[in-house]
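Subject: Structure for your review

Dear colleague,

I am handing over the structure below, and I would be grateful if you could look through it alongside the notes that follow.

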Amino acid sequence: MLLLMAVPLMAQNVTFKAIGQTNVAVGDQFIVQFVVNANGSNFRGPDFDNFRVLTGPNQSTNSSYSNINGRMTQSMTITYSYYLRALSEGEFTIAPAKIAIDGKEYQTNELKIIVGAKNTQSQTQTQNTDPSNPQEVAELDENAIFIKADVDKKDPYLGEQVILTYKIYTKVPISNIISEKEPNLSGFWMKNLIEQGAQMSPSNEIIDGVEYATAELRKFAIFPQKSGEITISPLELQCVAQMRSNTTRKRRSNSFFDSFFDDPFFSGYQNVQKFLGSNSIKLNVKALPQNAKPANYNGAVGSFTVQSEINKSSVKTNDALSIKYKISGQGNIELIDKLNVSFPTDFEVYDPKITDDVRVTPRGVSGSRTFEYLIIPRNPGEFNIEAIEYSFFNPLTEKYEIIQTKAFNIQVEKGADYQAGVSYSGISQEDIQYIGQDIRHIKVKNETLQPLSYFFYGSIAFILWYIIPAVLFIIFIFFWRKQAATLSNQSLMRHKKATKVARKNLKQANQFLGTKESEAFYNEISQALWGYLADKFNIPLSELSKDSIEDALTEKKVKDVTIKQFIECLNNCDFARFAPGDPTSNMDKIYNEALEIISKIERELK
Amino acid sequence: MKKSIFILILLLGAMTSFGSTKHDSLLSIANQQYDEGIYHEAIQNYQLIIEDKVESSQLYYNLGNAFYKMDDLASAILYYEKAKKINPNDEDINYNLGIANSRIVDNIDSVPQIIFKRWWNQFYNMFSVNLWAKVAIGLFILTLVFAAIYLLGRTRFIKKLFFSLGILFLLLSIASYFVSYQKYYYTNTHKEAILFAPTITVKSSPNRNSVDLFVIHEGSKVYILDQVGEWIEIRIANGSVGWLPVSSIKYI
């Protein structure tokens with residue numbers, strides 16, 4: 001089997017031919033075929049410059065096997081056919097088509113086609129005419145039938161509504177209007193203003209003194225979607241025009257129009273096929289002005305109003321509310337895709353229900369679009385739904401206009417089923433939702449102003465802040481030291497003089513001992529003992545007591561015995577002084593005791 | 001003696017503060033205008049204060065905010081950077097600078113720094129030059145106080161404690177002094193600037209006909225490396241270096 005498949009490829013002579021009628025008439029439909037007998041790829045047909053391609057290329061394959069004398073052959077033909085229509089008289093050449101077979105490129109022959117004068121169909125008194133098969137040429141005035149395309153404005157703004165009308169003008173009755181080619185409306189958003197299949201409403205119009213019957217064939221509201229120059233290609237159609245035979249031509253100008261779209265079953269009529277093309281339309285679409293364009297502008301052009309409505313302003317939690325925004329007016333209303341409504345974040349908001357009420361009239365598109373938002377407040381409180389602004393460009397005033405709705409205030413009370421924190425989504429707590437971002441506010445607390453690019457570092461003040469405390473420190477230390485020195489000198493002097501003073505006191509006491517003046521004697525002894533210790537240990541007189549003396553002596557590591565003896569001596573002195581009886585009797589003993597203890601302490605302190 | 005010390009302290013105080021009631025009232029008016037949303041007048045008043053050759057981080061910050069509200073991002077960034085120079089660790093300044101920087105055209109990735117360098121920078125930027133200088137002085141005075149206590153202390157424990165404290169504070173004071181010095185030196189030798197030309201091509205040499213290296217946009221921060229006539233050599237945060245005309249930038 002594999003072998004069988006391979007054989008025909010080897011044994012084949014490739015032929016690639018163009019076949020077609022060589023004589024056609026203007027308006028005729030005919031076929032051009034390119035036939036190849038092998039399986040090729042990358043077929044490229046020629047450009048049919050002077051013809052209209054009705055369909056094509058249509059590919060058809062035909063293959064057959066034959067067994068002759070035990071030898072298998074396969075023949076295969078692939079046909080690419082084009083259905084063409086001749087447009088104008090003359091002699092034309094159809095360029096070769098190309099195809100690649102086994103990596104090799106093949107070309108067809110060129111095809112010469114002579115297009116003759118127009119054929120006219122003349123099947124009088126017959127209705128079953130085949131328009132594509134004309135038979136006889138009849139006279140038909142070039143201006144008898146034509147289509148005129150018209151727009152209500154040539155230089156609209158981007159998105160502005162333009163009414164595009166195709167009108168047929170005729171002086172003869174016509175029928176069987178078949179569309180050949182619809183206008184190319186890419187670059188426009190389009191709304192058909194005449195419903196397909198609607199009854200045409202003919203009327204009469206006089207152009208250059210000639211009366212025509214007219215009817216609107218097509219009517220569109222178009223909205224340019226890009227700026228710049230846009231060309232709308234012509235509407236092309238064919239129709240059958242009914243002409244009276246030559247004998248009746250005189251009457252044509254009289255009351256011909258009454259028979260527009262009449263039954264063609266009339267005596268003396270000729271059915272003539274006619275191809276009609278409208279003029280093409282050039283629109284110069286202006287871009288919308290950039291200056292003063294509102295920030296929230298989203299492309300609406302026309303003239304609109306907005307209404308807003310809320311069904312209740314105080315609800316309980318989890319009760320639904322509905323807010324309606326209705327935008328109505330003239331323009332591309334169906335292109336309004338969304339509104340920027342900012343609902344409080346605590347609200348559950350569903351996508352809006354959009355209902356359109358668009359009226360298509362021969363004068364254009366108008367109507368309204370309603371956005372109905374269903375919202376459910378989940379938490380109690382007072383909420384504001386801010387007014388929304390909707391901006392549009394008004395081509396009449398050539399300005400942007402801003403329309404505004406009302407702001408709503410909604411009171412939400414706690415409903416019976418409200419539970420704080422239990423949210424509908426099943427999450428126990430909600431994250432904070434950040435709605436916007438902005439810089440932080442200015443600082444209101446005034447700071448001290450400094451001179452421009454003032455550096456404290458390296459300034460005189462900076463150096464002074466080092467020097468002055470250092471100087472103060474040195475002065476302080478110096479004075480403190482000096483003070484301490486004088487203080488310690490004083491105590492040293494006292495210390496040194498202690499024995500001397502004590503001796504002096506004792507000497508005085510000795511004198512009083514001789515004169516038996518007991519009062520003065522005891523005074524001197526007491527003075528000697530107390531004063532000695534006070535001087536010796538630098539104890540202020542106010543702090544002088546037996547306890548403090550004992551402490552001071554213990555600190556200086558004087559023996560306990562000595563301390564006791566000293567205290568005893570003091571006691572004895574006091575006792576002898578104030579005891580009843582003769583105070584003079586013990587004076588000798590106490591003098592000796594005092595003398596002894598002072599010299600003893602003196603010795604121990606060294 | 002005591003009187004002269006008092007006068008000296010007063011003098012020192014006077015040298016560090018330059019308060020003026022005129023500036024304060026102007027600042028209050030400007031702040032009020034900012035609150036009311038009259039940003040262009042607030043800007044004029046803030047700039048009137050600056051014309052008197054005085055500054056504060058608050059003034060720069062508020063002026064930056066006003067420029068931001070007027071959508072002049074380059075000026076806003078310039079004044080935020082100026083405020084940051086005086087008060088490097090202020091949260092509000094850094095936040096607003098971040099927001100302004102996120103809105104400019106160029107998003108220049110900065111060269112990543114090693115962690116110790118980052119730590120150092122954080123420490124270094126804790127205070128401004130002047131604050132570091134003040135810290136150094138404060139520590140120095142504390143050192144003196146401790147030294148006095150050490151010298152006059154009677155017990156061994158007190159002497160030991162205040163000797164070590166004194167040494168510690170002396171070292172800290174010296175360290176702060178050097179940080180302050182370093183910052184002072186850096187700010188006087190390393191200039192930074194903000195680009196004010198909407199779009200500018202950075203050249204390979206200080207010459208109009210030299211090779212185009214890259215394009216930067218308004219609001220980007222550049223580090224000035226050198227200046228030759230009307231041209232400056234700049235480096236951007238990602239390390240790229242090139243030349244720009246000096247008229248296209250404003251110094252921070």
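This is a predicted model: local features need pLDDT of at least 70, side-chain atom pairs count only at pLDDT 80 or more; totals for chains, interfaces and linings use all residues.

**A sheet in chain A**

In chain A, the strands β22, β30 and β27 make up, in that order, an open sheet of three strands whose pairing is mixed; helices and strands here are DSSP runs numbered from the N terminus, helices being H or I of at least four residues and strands E of at least two, and two strands are taken to pair if DSSP finds at least two bridges between them. At the edges lie β22 (314-316) and β27 (381-385) of chain A, each of which pairs on one side only. From one strand to the next the twist averages 25°. The pairing of β27(A) with β30(A), which covers residues 408-413, is antiparallel and runs over five bridges, and Q411(A) in β30(A) is the residue that E382(A) stands opposite.

Residues are numbered from 1 along each chain as its sequence is written, and chains are lettered from A and ligands numbered from 1 in the order in which they are written.

**Where the two chains meet**

Between the chains, 30 residues of chain A are in contact with 42 residues of chain B, a contact being a pair of residues whose C-beta atoms, placed from the backbone, lie within 7 Å. On the side of chain A that touches chain B, β31 (450-451) and α3 (460-515) of chain A each supply at least two residues, and the largest share, 13 residues, comes from α3(A). Sorted by class, that side of chain A has 22 nonpolar, five polar and three charged residues, where Ala, Val, Leu, Ile, Met, Phe, Trp, Tyr, Cys and Pro count as nonpolar, Asp, Glu, Lys and Arg as charged, and the others, Gly among them, as polar. β31(A) also pairs with strand β1 of chain B (residues 54-55), in the antiparallel sense and over two bridges, with P451(A) opposite V54(B).

**A helix pair in chain A**

The axes of α5 (residues 546-555) and α6 (residues 560-578) of chain A come within 10 Å and cross at roughly 155°; axes are lines fitted to C-alpha atoms, for helices over the stretch in contact, and angles run from 0 to 180 degrees between N-to-C directions. That crossing makes α5(A) roughly antiparallel to α6(A), a description used for angles over 145 degrees. The contact is made by K546(A), E550(A), L553(A) and T554(A) of α5(A) together with I563(A), I567(A) and L570(A) of α6(A), and these residues divide into four nonpolar, one polar and two charged.

In the loop between α4 (57-69) and α5 (73-86) of chain B lies D71(B), a residue other than glycine whose phi is positive, near 65°; D71(B) is exposed, with 10 other C-beta atoms within 10 Å. N318(A), in the loop between β22 and β23 (321-331) of chain A, likewise has a positive phi, near 70°, and is partly exposed, with 17 other C-beta atoms within 10 Å.

With best regards

Note on methods
Two residues are in contact if their C-beta atoms, placed from the backbone, lie within 7 Å. Angles under 35 degrees count as roughly parallel, over 145 as roughly antiparallel, 65 to 115 as roughly perpendicular and the rest as oblique. A residue is buried if 20 or more other C-beta atoms lie within 10 Å of its own, exposed if 12 or fewer, and partly exposed in between; C-beta atoms are placed from the backbone.
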